[in-house]
Amino acid sequence: MSNLSLKIEKISKAYQISHKQGGQGTFRYKTLQEDILALPKRLFSLLRGQNREERETVWALKDVSFEVHEGEVIGIIGRNGAGKSTLLKILSRITDPTKGRAEVFGRIGSLLEVGTGFHPELTGRENIFLNGSILGMRRAEITRKFDEIVNFAEVERFIDTPVKFYSSGMYVRLAFSVAAHLEPEILIIDEVLAVGDAQFQKKCLGKMQDVAVQGRTVLFVSHNMGAVQSLCQRVVWLNGGEVMVDGNSKEVVEKYLDTANSVSTLYTPQPSQGYTDLIIEKAVLKNSQGQITTRFSSEEDLRIEIYYHALKRLPKPQFWIIVQSQFGSLFGANMLFDGESPDSIEGQGMIACTFRCPRLIPQTYTINLGIRHENGINNYIPATDIASFGVLGSALDLNMSGEMAHNFFGDFYSLVVPYAWNLPDGKFIPVNGFQSRTGHMAASDETTENLFSGENNVE
């Protein structure tokens, strides 16, 4: 058996959250002047027993234990709030565990938040040396790898420009390049593939695979199940701060996908971010036969049913959906561009979108949902992952032409797929030449005709 890289023993992490009683209004940060002026009133309230502060303990991690050996590429998956980033911060020595211990055998290179350690006023060249030093590289090592770092990041023309003028793509490319060329024994990456274009994401995956081939250890956190399966042999699934499953990547991802649609609530309002009016209770995926599933063949329709609860009347909500692979967005539907949307929504309801036979290659995909105001700018809810699904079989089963196969295997990432919306008021909106299974464009399409039957009501 290979030597250990990480030994994690019963790690738990608790955070204290304060709740003030007697306060009113939405929380916001105050100036020093406002705090000073409010001090007499606050003291008077305390003397009267008002504005008491109650503290709640929240466990981000609970008795997490597993071992990682040299050369292993481990994926860590789970829903938002599962404890993934907290675990990586403990392993990176950014924060201490409340209980338990983590033994690290070797130098760690972490990319937890893109650009951590960059100074906006310094040039790209200066930030490479600054960030490399923060990550533990010696100056001679940085100098030796400088050209390689710059070439990978593709910022040669702007290397002597302050990074405050960089685009987000240039920023993330340079940050990843510095961390990836550190040559650590253990490379820790948290959702870096969520930023950057499709070509850069593929480049990142290739670099991480190179690191693994060299016998170094990689811990990779991502919501992109396709990227996790393509890179990792083993996956640890965290749920509510605890290890649900630890095992073969294909088996763990399939179990995770099978439970994706059983989550009671996919999105709750976030008052601190300005989103207060809408809950997404669940998303249901159905195939061409109307069966609920998270596993599809390449020739099947993809039907997405979104169950919502509007806490007040919301006029003209603009729903949009994007289907993504590990290389970026593939296709989608957007009411803002379609020129049709519900007149309003209120209370519980359901809206559905059916994509006609998108012919996807076998891998794992993520569905992203957002809902904008009538003006198309402000959001009722921001972009949110609501479901994942897998396409089964072999890519050879698709019988594609050479050009189509080349496109589907990575260079082409924006497809036009016919789709149709079914609105809560009964409207049927076909887009991009959507045709029914009988060859006629009609609201009675066999995949949509039972949309509002009793069996589809929100439980």
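Which residue takes a positive phi in the hairpin of β16 and β17?

**Figure 1. Overview of the chain.** The predicted model has 459 residues, of which 48% count as buried. The chain contains 10 helices and 19 strands. Among contacts with a separation of 6 or more, 72% link residues 24 or more positions apart.

Figure 2. Strand β13 (residues 318-325) runs antiparallel to β16, and seven bridges join the two. Within this pairing, N368 of β16 has I322 opposite. Strand β17 (residues 379-391) is also antiparallel to β16, and is joined to β16 by eight bridges. Here I367 has A387 of β17 as its bridge partner. Six residues lie between the strands in the hairpin of β16 and β17, and the residue with the positive phi is G376, at a value near 75°.

Figure 3. Helix α5 spans residues 168-180. The C-alpha atoms at its ends are 18 Å apart, which agrees with the 18 Å that 13 residues should span at 1.5 Å a residue. The helix is mostly covered, with 11 of its 13 residues buried. The buried set consists of G169, M170, V172, R173, L174, A175, F176, S177, V178, A179 and A180. An α-helix has 3.6 residues a turn, so residues three or four places apart point the same way. At the start of α5, S167 places a side-chain oxygen within 3.2 Å of the backbone nitrogen of M170. M170 is itself one of the buried residues of the helix.

Figure 4. K145 is part of helix α4, which runs over residues 139-153. The relative accessible area of K145 is 5%, so this lysine counts as buried, the cut-off being under 20%. Apart from residues up to four places away in sequence, K145 touches M137, H181 and E183.

Figure 5. Strand β10 (residues 278-286) includes I279. With a relative accessible area of 18%, I279 is buried, because the cut-off for that class is under 20%. Leaving aside neighbours within four places in sequence, I279 is in contact with T265, Y267, P269, Y307, Y308, H309 and L311. T265 is 14 residues from I279 along the chain, and the C-alpha atoms of these two residues are separated by 7.7 Å.

**Figure 6. Cysteines C232 and C357.** C232 is buried, with a relative accessible area of 3%. C357 has a relative accessible area of 23% and is partly exposed. A disulfide is a covalent bond between the sulfur atoms of two cysteines. How many disulfides does a search of the whole structure find? The search returns zero.

Key: Residues numbered from 1 in each chain as written. Predicted model: local features only at pLDDT ≥ 70, side-chain atom pairs only at ≥ 80, totals over all residues. Heavy atoms only, no water. Helix = DSSP H or I, 4+ residues; strand = E, 2+ residues; numbered from the N terminus. Buried < 20%, exposed > 50% of the residue type's maximum accessible area, 1.4 Å probe, protein only. Contact = heavy atoms within 4.5 Å. Pairing = 2+ DSSP bridges. Expected span 1.5 Å × (residues − 1). Polar contact = N/O pair within 3.5 Å; in protein donor to acceptor, adjacent residues only side chain to side chain. Disulfide = S-S within 2.5 Å.
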